[in-house]
Amino acid sequence: MKKSRPIIKEVTKDIYLVSIPIPLMKQVNCYLFRGEKGFTLIDTGLFTQEGIGIWEDLIASGFKIEKIVLTHFHIDHIGFAKWFQEKHHVPVVISRLGYEEMNQRRKGVYTDWVINLFQEHDSLRFYQTVIENPIALEEQMMYAYEFEPDELLEDNQYIMLGKELYETVWTPGHSPDHFSFYNHERKIMVIGDHIMDHLSPVILLESPSDVNPLMSYFDSLEKIKEYSIQLALPGHGKLMESLNKQIKKIKSGHQYRMEQIIGSLQNEEKTAGQMTQEIYRKTSSVLGYSPVMSTIIRCIYLESIGKLHSECINEKRVYRLAD
Ligand SMILES: [Zn+2]
């Protein structure tokens, strides 16, 4: 069998990119920051056999990983943290909020919660993977989250990535615990899944305590504008030299979809499931998790700013235009 080779590339002085293949999103970007005693690894990829080959090769070729810092708790980023900690004794750093999300997932209640959410929004029929195999999703999460981090981060503090100091910038939206990291001297920002060059990140409801993730996301986009950025290192896709154009594009994409929601409710009230099908003009069998989730979070946002009103009728949440 052909052994997998590390896909490693220098992106700028003392920062290297390792691209780990994953299903669906194709790849996740992990970054190595050179330090005095080894490299700081930002994000780790989804835990797969192919990934094990890549990381084993990299370590065998002399890369010493000093510590791991995670942008957020999603399994395509946190996947190898436990493996590095157990097998290679690498300390793992995540935000306190990320640790709280991990603990929530460890309880094994996520799948039931998300099924209830989709049911309430009349959309469970679109979420085939979880209906067909709820155990697989739950098991993958159980593995990824079954470890204790060595250090917890807060917002607005400084952390060493390699040999340089980075400010921790809380950027919730894609996930409630999402952090970006900014170096003031080199104007480099590790941006994770907050902003990407090729797509608008899906904004997710993750637990009952997530109230209005799209509102948080818009606030986080504004927050980023305050930083002068020459190089942004995203969790997927290409590196970016500035973010303002992309921020504009992402915002207008949400705006366009929200106008479609308002348009769809002109003459009658509807569930998020009905609107998703109408707006994305697809049959129920090909609609996935993301369009439904996106419609739900937009409806919640629109209701929070007084544009929509909703009520639960026969256990289904029905939206109409506000008076
Ligand atoms: Zn991701």
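**Where the words come from**

Author: Gladly! Let's start with two strands: β9 and β10 (residues 179–183) run antiparallel and are joined by four bridges. Keep in mind that this is a predicted model.

Reader: What makes β9 and β10 count as paired?

Author: Two strands pair if there are at least two bridges between them, and β9 and β10 have four. Trp-170, for instance, stands opposite Phe-179 in β10.

Reader: Which strand pairs with β9 over four bridges besides that one?

Author: That is β8 (residues 158–161), which pairs with β9 (residues 164–170) in the antiparallel sense. Tyr-158 has Glu-167 as its bridge partner, and Met-160 has Leu-165. The hairpin has two residues between the strands, and Gly-162 there takes a positive phi near 65 degrees.

Reader: Why are β8 and β12 called edge strands?

Author: The sheet is open, with five strands in the order β8-β9-β10-β11-β12 and mixed pairing. β8 and β12 (231–234) each pair on one side only, and that puts them at the edges. On average, neighbouring strands of this sheet are turned by 30 degrees against each other, direction ignored.

Reader: How do you know that the buried residues of α5 line one face?

Author: In α5 (residues 110–120), the buried residues are Tyr-110, Thr-111, Trp-113, Val-114, Leu-117 and Phe-118. Looking down the axis of α5, you find them within an arc of 160 degrees, so they line one face of the helix.

Reader: Now the metal. What coordinates the zinc ion?

Author: Asp-76 (OD), His-77 (NE2), Asp-193 (OD) and His-236 (NE2) do, at 2.0 to 2.3 Å.

Reader: Why is the arrangement around the zinc ion called irregular?

Author: To be tetrahedral, four donors need all angles between 85 and 135 degrees. Here the angles run from 88 to 165 degrees, which makes the arrangement irregular.

Reader: What makes Asp-76 and His-236 a pair that ties parts together?

Author: Asp-76 lies in helix α2 (residues 75–78) and His-236 in the loop between β12 and α9 (244–264), so the pair ties together parts that are 160 residues apart in sequence.

Reader: Why does Asp-76 count as buried?

Author: Buried means under 20% relative accessible area. Asp-76 has 14% relative accessibility, so Asp-76 counts as buried. His-236, with a relative accessible area of 0%, is buried too.

How values were computed: Residues numbered from 1 in each chain as written. Predicted model: local features only at pLDDT ≥ 70, side-chain atom pairs only at ≥ 80, totals over all residues. Heavy atoms only, no water. Buried < 20%, exposed > 50% of the residue type's maximum accessible area, 1.4 Å probe, protein only. Arc of directions from axis to C-beta. Axes fitted to C-alpha atoms, helices over the stretch in contact; angles between N-to-C directions. Donors = N, O, S within 2.8 Å, 3.2 Å for Na, K, Ca; no water. Tetrahedral: all angles 85-135°; square planar, octahedral: opposite > 155°, others 65-115°.
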